[in-house]
Amino acid sequence: MAKKSTQKERCLLFMKIASLVWEKISRAHDVNVDIPEIGITSDIIVNILQFNKKHNPSRFDVYAKPGWNEGKYGNDIDLFVETSQGLYKWFALQSKVLKKNNRYTTLRDTSDGIMQWDKLLLLEGLSGCKGYFLLYNGVADYHDVGTDCCLKIFDEKQFGCSLVEPCYIESLANKTSRLGRFTNPKFRDIHPQNADPWRTLVCCQSEYLEFDLYSLEDVINSNPTFERIDNKRNSKIADKEDDLNEKTKNCFKIPVVKKNKINQASRKAKWNPAIRVIIKTPLTILTEIYKL
Ligand SMILES: [Zn+2]
């Protein structure tokens, strides 16, 4: 029973976040304002941390690189979901926000010459993780009722945070106009047919799909540049602003960690996310309390 209710808790949180994102972007576009990806990602992290604050013990472990919310590192998120005791499934998420012209204009952006779908596909092949584009959306005049891969009925607001296969993004982002220019895909090129609400990441799907699984130790050791975000005010991390610049310098490269598959795959695929969220099962959370 405990397992079911915690799963439901997470589903509800992810649904709430998707609706908030949908409304925020719709409202912004309504008055001709674009919102940057990092603004939405920060909102998501705040919502997760607020949820943590209300639930003792915390349900999510959130890690980030120093200065993550200054938009220095791009918009990648690693999500690790515990599927059976001590084993975590890895979702690599590349976030992209819909622009006020109802198009995704940054799909072809690259900091190192490698397309982001190629990174995700390479990472999947090297590590057995599952990569997705995580699209942040909000369209005022779009209404829809659909059924997701859990056979759960949802409305358009759940597309506030939608998941799309990297291969599909690749095919759209490579389309050209008659003049040979790349065309930016529209919201309706992808939704509803090729997207699923991100709630499905934390729902039952994690139990029956076949992917590589990792131990918590492997996850935590894989990249030492991450720091745990403590959701209490006045934590040590919050106070250490002086050496922030010095610290962020070291975060653009992933340090080598020997015998760690997550580390090796991330380095090879040049996948260097700014945020890592770990979601544990209730049993693990309880076990951790008793250890304390
Ligand atoms: Zn489900």
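Colleague: Which hand does the crossing of α3 and α10 have?

Modeller: A crossing is left-handed if the near helix is turned anticlockwise from the far one by less than a right angle, and right-handed if clockwise. Here α3 passes α10 in a right-handed crossing. Helices are DSSP runs of H or I with at least four residues, strands are runs of E with at least two, and both are numbered from the N terminus. This is a predicted model, in which local features need pLDDT of at least 70 and side-chain atom pairs count only at pLDDT 80 or more, while totals for chains, interfaces and linings use all residues. Residues are numbered from 1 along each chain as its sequence is written.

Colleague: What else describes a helix pair?

Modeller: Two packed helices are described by the angle between their axes and the distance between the axes. Axes are lines fitted to C-alpha atoms, for helices over the stretch in contact, and angles run from 0 to 180 degrees between N-to-C directions. For α3 and α10, the axes come within 9 Å and cross at roughly 150 degrees. The two are therefore roughly antiparallel; that label needs an angle over 145 degrees, with under 35 roughly parallel, 65 to 115 roughly perpendicular and the rest oblique.

Colleague: Which residues of α3 and α10 meet?

Modeller: Contact means C-beta atoms, placed from the backbone, within 7 Å. Leu123, Leu126 and Ser127 of α3 meet Lys261, Ile262, Ala265 and Lys268 of α10. By class, that is four nonpolar, one polar and two charged residues (nonpolar: Ala, Val, Leu, Ile, Met, Phe, Trp, Tyr, Cys and Pro; charged: Asp, Glu, Lys and Arg; polar: the others, Gly among them).

Colleague: Which residues of α10 are buried?

Modeller: A residue is buried if 20 or more other C-beta atoms lie within 10 Å of its own, exposed if 12 or fewer, and partly exposed in between. In α10 (residues 261–268), Ile262, Asn263, Ala265 and Ser266 are buried. They pack against β3 (87–97), α3, β9 (213–214) and α7 (216–221).

Colleague: How does α3 pack with α4?

Modeller: Helix α3 (residues 116–127) and helix α4 (residues 166–173) pack at about 155 degrees, with axes 9 Å apart. That makes α3 roughly antiparallel to α4. The crossing of α3 with α4 is left-handed. Trp117, Leu120 and Leu121 of α3 make the contact with Pro166, Ile169 and Glu170 of α4. This contact has five nonpolar, no polar and one charged residues.

Key:
Contact = placed C-beta atoms within 7 Å.
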